[in-house]
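My plan is to look things up one at a time and jot down what turns up.

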Amino acid sequence: MSPIEQPLSLDLKSLTEVLIRHFDIHEGTYQLNLGFRIGVGGFAMDGDPEGNPLPGAMVGVESVSLARISEGMSAPNAVDAALVNPPSKPKAKARVKKIN
């Protein structure tokens, strides 16, 4: 068992659906984009008795965003906003009875 429990998780398609609902988008097809930040440098490795740094890189997730896909294009985790967040129907006006 991992030291950090992760009982709740979302796959990419589900996270896209959540963001579509969060931003109240009702039309178009969207995919999830991840922005990364990459840092390079010398990294000391555990177990190296001389402590010589080795060239290496670190990658971190910097952002998550939605990108609208043009009609006719497809993507593996694309989500149609009209299906997952349809616009709400306008409420019918209440009828008022006139008293004579």
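**Entry 1: the surface**

Which residues make a nonpolar surface patch of about 790 Å²? Before I answer, a reminder to myself that I'm looking at a predicted model. I looked the patch up and found Leu12, Leu34, Phe36, Ile38, Val40, Val59, Val61 and Val64. Then I checked where these come from: E1 and E2 are the elements that give two or more residues to the patch. E1 gives the largest share, four residues.

Phe36 sits in strand E1, and its relative accessible area is 47%, so I put it down as partly exposed. Leu34 is in strand E1 too, and at 41% relative accessibility I noted Leu34 as partly exposed as well. Setting aside residues up to four places away in sequence, Leu34 touches Val61, Ser63 and Val64.

**Entry 2: charges**

How many salt bridges does the structure hold? I found one. Glu62 pairs with Arg37, and their closest N and O atoms are 2.3 Å apart. The pair ties together distant parts of the chain, since Glu62 is in strand E2 and Arg37 in strand E1, 25 residues apart. My background note: side chains of opposite charge can pair when their charged atoms come close. Glu62 is partly exposed at 46% relative accessible area, while Arg37 is exposed at 56%.

**Entry 3: helix H1**

Next I went to helix H1, residues 12-22, and asked which of its residues are buried. They are Thr16, Leu19 and Ile20. Looking down the axis of H1, I see these buried residues fall within an arc of 105°, so they line one face of the helix. What do they pack against? I listed strand E1 (29-44), strand E2 (53-69), strand E3 (79-80) and helix H2 (81-84).

Thr16 got its own check. Thr16 belongs to helix H1, and with a relative accessibility of 0% it counts as buried. Leaving out residues up to four places away in sequence, Thr16 touches Tyr30, Gln31, Leu32, Leu66, Asn77 and Val79.

One more thing about this helix: Asp24 follows H1, and its phi is positive, near 55°.

**Entry 4: the core**

Which residues make up the largest nonpolar core? I count six in all: Ile20, Ile25, Tyr30, Val79, Ala81 and Val84. The general picture I keep in mind is that nonpolar side chains in soluble globular proteins tend to be buried together.

I followed Val79 first. Val79 has its place in strand E3 and is buried, with a relative accessible area of 3%. Beyond its neighbours within four places in sequence, Val79 is in contact with Lys13, Thr16, Glu17, Ile20, Gly28, Thr29, Tyr30 and Val84. From Val79 to Ile69, ten residues apart along the chain, I get a C-alpha separation of 9.5 Å.

Then I turned to Ile25. With residues up to four places away in sequence left out, Ile25 touches Ile20, Tyr30, Leu66, Ala81 and Asn85.

How values were computed:
Residues are numbered from 1 along each chain as its sequence is written. This is a predicted model: local features need pLDDT of at least 70, side-chain atom pairs count only at pLDDT 80 or more; totals for chains, interfaces and linings use all residues. Side-chain values use heavy atoms; hydrogens and water are left out. Buried means under 20% relative accessible area, exposed over 50%, partly exposed in between (1.4 Å probe, protein chains only). The arc is that of the directions from the helix axis to the C-beta atoms. Contact means heavy atoms within 4.5 Å. A salt bridge is a side-chain nitrogen of Lys or Arg within 4 Å of a carboxyl oxygen of Asp or Glu. A nonpolar core is a set of buried Ala, Val, Leu, Ile, Met, Phe, Trp, Tyr and Cys residues joined through side-chain atoms within 4.5 Å. Patches are made of residues with over 30% relative accessible area and no salt bridge: like charges are joined within 9 Å, nonpolar side chains (Val, Leu, Ile, Met, Phe, Trp, Tyr) within 5 Å. Accessible areas come from the Shrake-Rupley method with a 1.4 Å probe; for residues, only the protein chains shown count as cover.
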